[in-house]
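Student: I'd like to go through this one by question and answer. Can we start with the terms and then move on to the fold and a few residues?

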Amino acid sequence: QVLEIEGPLDKVRLAESWSALVKRHESLRTTFGWENEEPVQRIQSDIVLKLEQYSVLESGTEVNSLIQGFIRPFHLEEGPLFRVGLIELAAEKHLLLLDMHHIISDGISMTILVREFNALYSGKELPELRVRYRDYGAWQENQEETRKNQEKYWIQQFAGEEIPVLDLPTDYPRPVQRNFEGERISIEVGEELTQRLEQLAVETGTTLFMVLLAAYTVLLHKYTGQEDIIVGTPIAGRGHTDVEHVVGMFVNTLALRNRPRAEQTFTALLKEVKENALKAYENQDYPFEKLVEQLDLRRDLGRNPLFDTMFVLQNIERTEMEMENGRISPYPFEHKVSKFDLTLEAVTNGNGLQIYLEYSSEIFALETVKAIIEGYLKILDEITYNQNIYIKSILTELISLETPEKIDINFNF
């Protein structure tokens, strides 16, 4: 994560604040090793966090190059698995760089750390944490009956039939082994269309997430002709208030399997998406990696296990806040990586939605991806005017799309 700090900055106090956070959160002092051929977690009593400092003024190096150089592999056995950097752009303008291994953190953890850093930097005291991440791990270990029931649910979702592989048409041959090169484009959903989507959710007793996921399932069905589609989605995994301020890896991934059919109405598909999503939420604590192990999937280095596309509805609070004599705000930076063929992310922005489509540039050309995201926007428009439209009647044109004038398209790269 990259944040811009505007205003006078005390670098010593900044470094001390982050060192205090390392002492506060066990996850930031965690390393991993092996004992008796089993992975073990080790919480260090003390880890020295070094603030890495750079200056555009002194080095003459471009900002993006400095950021890219800051992102590098971690060593799980050595630690720390978290680093902080600072780039001086001007006397009172800096970039704060935060890089953390996903094994010890998630997106909410980053938000927690930035908020607590700001409090410590401003001289405030933080309340004691009620639980630690190790307590959460111990609680998970004691949920054997729940885990078995949830495992049974997920195994049933993928038993008895061949697990489908998403067969999206690609511009370039799929590599034998991916290197995860990617790009991202975005398109804006205006306030008027967003309101229609929210109204559709109210009328059908669903949620905005379910409406957007059902529309994405239709899009994938249209491009592949497949009637059995698996889409991954992350879930926060913080079901108890005691862990809302704990830094750690709580997020899990749910594999949502839906079956769109040409002769089905959108409303009927939406009902199925709702039922499947609700059942998945009830069984959300079963680790995705355990499911992959249980299914014993054939490994293909050119694909991901179980699904090749993700859908995300993002409503995590933005890390934008007042700072002592200054302000912290997000700095736009694109890390050109795509873990999946396609990841569709919808972000609430107050008045409407911003739709991002991250794609593997190894297999897709930009023009194709632009057509895909335009098609998604057209589907959203169609279903809000006629929720009972048959899926076969939605988006009859794919690559050469003629987008209605009432939809405001604004691409950002």
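Predicted model: local features only at pLDDT ≥ 70, side-chain atom pairs only at ≥ 80, totals over all residues.

Student: Which residues is I163 in contact with, leaving aside its neighbours within four places in sequence?

Tutor: Start with where it sits: I163 is in the loop between α6 and β7. Helices (H or I, at least four residues) and strands (E, at least two) are DSSP runs, numbered from the N terminus. With neighbours within four places set aside, the contacts of I163 are F158, I230, R257, L295, L297 and L306.

Student: And how many Å apart are I163 and K378 in space?

Tutor: In sequence, 215 residues separate I163 and K378. In space, C-alpha to C-alpha, the separation is 29 Å.

Student: Where is F180, and is it buried or exposed, or partly exposed?

Tutor: F180 falls in the loop between α6 (144-157) and β7 (182-189). It isn't a glycine, yet its phi is positive, about 65 degrees. Buried means under 20% relative accessible area, exposed over 50%, and partly exposed in between (1.4 Å probe, protein chains only). At 36% relative accessibility, F180 is therefore partly exposed.

Student: What about D296: buried or exposed?

Tutor: D296 is in the loop between α10 (288-295) and β10 (309-314). D296 also has a positive phi, about 50 degrees, without being a glycine. Its relative accessible area is 66%, so D296 counts as exposed.

Student: Zooming out, what radius of gyration does the protein have?

Tutor: The C-alpha trace spans about 65 × 50 × 45 Å along its principal axes. The radius of gyration is taken over C-alpha atoms, and the globule rule is 2.2 Å times the number of residues to the power 0.38. For 413 residues a compact globule would come out near 22 Å, and the protein agrees with that at 23 Å.

Student: What percentage of contacts between residues at least 6 apart in sequence join residues at least 24 apart?

Tutor: For background, the protein has 11 helices and 14 strands, and 48% of its 413 residues count as buried. Among the contacts you're asking about, the share is 75%.

Technical notes. Residues numbered from 1 in each chain as written. Heavy atoms only, no water. Contact = heavy atoms within 4.5 Å.
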